[in-house]
Number of protein chains: 2
Amino acid sequence: EIFNTIDRYFSAEKKFTLPLAGKKILVTAGPTREALDPIRFFSNQSSGKMGYAIAEAAGEAGADVTLISGPSALSDPSGISVIRVTSADEMRREVLARYEHADAVIKAAAVADYRPESVSGSKIKKADGPLLVKMVRNPDILMELGRIKKSQLLVGFAAETEQLEDNARAKLEKKHLDLLIANHAADGFAKDTNKVTFFFADGHQKAYGEMPKKEIAEKICRTVSELMETSGQR
Amino acid sequence: EIFNTIDRYFSAEKKFTLPLAGKKILVTAGPTREALDPIRFFSNQSSGKMGYAIAEAAGEAGADVTLISGPSALSDPSGISVIRVTSADEMRREVLARYEHADAVIKAAAVADYRPESVSGSKIKKADGPLLVKMVRNPDILMELGRIKKSQLLVGFAAETEQLEDNARAKLEKKHLDLLIANHAADGFAKDTNKVTFFFADGHQKAYGEMPKKEIAEKICRTVSELMETSGQR
């Protein structure tokens, strides 16, 4: 009985002092897969490591975290509610359904930009010649979130192979993000470390050297907490 | 000293009685990934489970196994030499390099039939309109192995969404296989079980009900051993 009381006391204490205590945070992670037929698909190199690390760090920082993950070999982080999706379309639906009540959305998923225009119901038989695949644009989930956002804090990612800063700044503004974390594609995909630069909506930026993704995740959570304070969410 | 002798005795005994003792077996597993740019690729649903199970079963049956695996989340089976590849082209090179000295090749990999004709060196920027991707045929590794085979036993797989038997028979003959294991795509991909039919070069076939892939793997190894005896490899 007395232990329970002590336990409750410290839980309450902890809840009060943790930087993201009481905050509802949506994290997306992994690639998406865009079907061409029941067997073949388009995808990308994302492993999900960055998003999973952020979900864990946000959970440790006291947040109520939902992780929406595309196909990833990683196992569910403990104590976090995980929703598994396959395509960009499914990812969009799951994110939008939870957006209104979220305090922050951290979109670490590498959602496929394109999907095959038509999906064959049966396996496309090989033919001798080439196969022309018409790919159409997937909905831009982050753009949509930016357009309809109220008080939610919006964090995006950009992996670029060239002109990192220009591309990052353009994305940040176009999508109404509060924070964009950018890296050179070669530095981060499927690796345990990354070398990132934080771009802020007020125009300033912060470049970091190579760090474990776990450490980057903690920096992101700390930054999100600070941005929430500044914006008066707290 | 005496223990070593006993140990050697039983090892020799074991080696003599195991059905694939002394046989060099190449197993391929998993999907391949065909790059469109440094981040995006084409692939398929193969998890590698069937091939990994076969490699393990062949190892337990005494064979000297090399597993050539496309990208898979599975960890290396113990006691088996594993070579990791990404594309069909790499898979082809690694298989051909070892073919001459192999007693049997079990091609469980779901090698991509097509690859993008050109691979962009940098990330293709999104544009508003559609993206036309011209896919060209990958080399048909199994066909090539069938064409240049000497005494090697050749085992292939077919996952079909329709006309299973016709497609399987045609593949078996066209590629000079000794055994083809066919299943309906919906029954096997990324699952722990499968429902397969064995098609033999002499025209007969054997259909099995749903079984764990481990059990299918053991049946394949037993069948390979029997076919080797019949063909006088032993």
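I began with strand E3 of chain B, where B:Ser43 is the bridge partner of A:Phe41. Strands here are DSSP runs of E with at least two residues, helices are runs of H or I with at least four, and both are numbered from the N terminus. The model is predicted: local features need pLDDT of at least 70, side-chain atom pairs count only at pLDDT 80 or more, and totals for chains, interfaces and linings use all residues. Residues are numbered from 1 along each chain as its sequence is written, chains are lettered from A and ligands numbered from 1 in the order in which they are written, and side-chain values use heavy atoms, with hydrogens and water left out.

**Entry on the sheets**

I looked up the pairing of E3 (residues 40–44) of chain A with E3 (residues 40–44) of chain B, and found five bridges in an antiparallel arrangement. Two strands count as paired if DSSP finds at least two bridges between them. I then noted an open sheet of four strands, in the order E2(A)-E3(A)-E3(B)-E2(B), with antiparallel pairing. The strands E2 (34–35) of chain A and E2 (34–35) of chain B stand at its edges; each has a single partner strand, so one side of each lacks a neighbour in the sheet.

I next examined E8 (residues 131–137) of chain A and E8 (residues 131–137) of chain B, which run antiparallel and are joined by five bridges. In this pairing, A:Val133 has B:Val133 as its bridge partner. Within chain B, strand E7 (residues 114–116) is joined to E8(B) by three antiparallel bridges, and B:Tyr114 is partnered there with B:Arg137.

**Entry on the interface**

How much area do chain A and chain B bury between them? I recorded about 3500 Å², 55% of it on carbon and sulfur atoms; buried area is the accessible area (1.4 Å probe) that two parts lose on being put together, summed over both. In chain A, the residues that lose the most area to chain B are A:Ile39, A:Tyr114 and A:Lys126, together 17% of what that side buries. The contact (heavy atoms within 4.5 Å) takes 37 residues from chain A and 37 residues from chain B.

I found six salt bridges across this interface, a salt bridge being a side-chain nitrogen of Lys or Arg within 4 Å of a carboxyl oxygen of Asp or Glu. One of them joins A:Asp113 to B:Arg40, with the closest N and O atoms 2.5 Å apart.

**Entry on salt bridges within a chain**

I noted 28 salt bridges over all chains. A:Arg40 and A:Asp37 form one at 2.6 Å, N to O, and both residues are buried (under 20% relative accessible area; exposed is over 50%, partly exposed in between, with a 1.4 Å probe and protein chains only).

I also looked up A:Asp192 and A:Lys49, whose closest N and O atoms are 3.1 Å apart in a salt bridge. The pair links distant parts of the chain, 143 residues apart: A:Asp192 lies in the loop between helix H6 (185–188) and strand E11 (193–194), and A:Lys49 in helix H2 (residues 49–60). A:Asp192 counts as exposed because its relative accessibility is 53%, whereas A:Lys49, at 24%, counts as partly exposed.

**Entry on B:Cys221**

Is B:Cys221 buried or exposed? I found B:Cys221 buried, at 4% relative accessible area, in helix H7 (residues 213–230) of chain B. B:Cys221 touches B:Leu20, B:Ile54, B:Ala57 and B:Ala58, leaving aside residues up to four places away in sequence.
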